[in-house]
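Reader: Can you put the model up and take me through it? I'd like to start with the packing and then move to the charged residues.

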Amino acid sequence: EAKSQGLIVSMAPAESYLDASVDPDSIDATFSLRLDLPPRAWTSPEDRDMIKGFSHAGRQCYAYVIAKAGVESFDFISIQLYEGYAPYVYEVTRAGKNPVDTIMERVDGFLGGYVVKGMPLTSSPEYEVKIPPSKLVIGIANRWADGIKFCKIDPKTLKDAYDRTKNKYGEGFLG
């Protein structure tokens, strides 16, 4: 209804709440209403000590909103890579992955689609989350991010990921 009145409608899930980078055969590709889960990537004893009991992650809970409302209901969907102890920050800072490749893994997942299992839908327990580039925003932190709990992404990294998206898909993501 908001869009019919000329309003802009957006969604801004934390990365764990709508995570296109999960292993499709893992529990992390399964819908859950719980929002008190430990961050999925931080599993070693050293990692658990670092996060000190942090348990505010979710698991694909925003997939349900998209399934029920339809992706066309949103003007943009901003995936918040700056979620505390997000999978992105782990992969870049702890696992040493290339930041551009790590963003592209997420972009490819959203643009190509990924399946969430265990959805409470009458039509099917599986739903493919697919977001077109014209609606995808990569949410990043600015200077307040510490690079440990919250990811720091420099402008060049984001620009390189944008350019790679544009070259691969014909258009870039929104931000």
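Author: What follows is a short exchange about this predicted model.

Reader: Start with the core. Which residues of the largest nonpolar core touch the most other members?

Author: Leu18, Ile66, Ile77, Phe110, Val129 and Leu136 do, in a core of 44 residues. The elements that each give two or more residues to this core are α2, β4, α3 (87-94), α4 (99-112), β5, β6, β7 (136-139) and α5 (155-169).

Reader: Which element gives the largest share?

Author: Helix α4, with 6 residues. As a general matter, nonpolar side chains in soluble globular proteins tend to be buried together.

Reader: Take Leu136. What does it touch, leaving out residues up to four places away in sequence?

Author: Leu136 touches Ile77, Ile79, Val107, Phe110, Leu111, Ile131, Phe173, Leu174 and Gly175.

Reader: What comes after α2?

Author: Gly70, with a positive phi near 90 degrees.

Reader: Is Gln60 buried or exposed?

Author: Gln60 counts as buried because its relative accessibility is 0%, where the limit for buried is under 20%.

Reader: Where is Tyr85, and what is its phi?

Author: Tyr85 is in the loop between β4 and α3. Its phi is positive, near 55 degrees, and Tyr85 is again a residue other than glycine. Tyr85 is buried, with a relative accessible area of 10%.

Reader: Now helix packing. At what angle do α4 and α5 pack?

Author: About 40 degrees, with the axes 9 Å apart. That makes α4 oblique to α5, and the crossing is right-handed.

Reader: Which residues meet there?

Author: From α4, Pro99, Val100, Asp101, Ile103, Met104, Val107, Asp108 and Leu111. Their counterparts in α5 are Thr157, Leu158, Asp160, Ala161, Arg164, Thr165, Lys168 and Tyr169.

Reader: Asp160 is charged. Which side chain does it meet in a salt bridge?

Author: Lys156, at 2.8 Å, N to O. Lys156 and Asp160 are 4 residues apart in helix α5, so about one helical turn separates them. Lys156 is exposed, with a relative accessible area of 56%, whereas Asp160 is partly exposed at 25%.

Reader: How many salt bridges are there?

Author: The count comes to 15. One of them joins the side chains of Glu91 and Arg40, at 3.9 Å, N to O.

Reader: Why does that pair tie together separate parts of the chain?

Author: Because Glu91 lies in helix α3 and Arg40 in the loop between β2 and α1 (45-51), the pair ties together parts that are 51 residues apart in sequence. Glu91 counts as buried at 9% relative accessibility, while Arg40 counts as partly exposed at 25%.

Reader: What about Glu105 and Arg106?

Author: Their side chains meet in a salt bridge at 4.0 Å, N to O. Glu105 counts as partly exposed, at 29% relative accessibility. Arg106 counts as buried, at 2%.

Reader: Last one, Glu15. Where does it sit, and is it buried or exposed?

Author: Glu15 is in the loop between β1 and β2. It is buried, with a relative accessible area of 1%.

How values were computed: Residues are numbered from 1 along each chain as its sequence is written. This is a predicted model: local features need pLDDT of at least 70, side-chain atom pairs count only at pLDDT 80 or more; totals for chains, interfaces and linings use all residues. Side-chain values use heavy atoms; hydrogens and water are left out. A nonpolar core is a set of buried Ala, Val, Leu, Ile, Met, Phe, Trp, Tyr and Cys residues joined through side-chain atoms within 4.5 Å. Buried means under 20% relative accessible area, exposed over 50%, partly exposed in between (1.4 Å probe, protein chains only). Contact means heavy atoms within 4.5 Å. Axes are lines fitted to C-alpha atoms, for helices over the stretch in contact, and angles run from 0 to 180 degrees between N-to-C directions. Angles under 35 degrees count as roughly parallel, over 145 as roughly antiparallel, 65 to 115 as roughly perpendicular and the rest as oblique. A crossing is left-handed if the near helix is turned anticlockwise from the far one by less than a right angle, and right-handed if clockwise.
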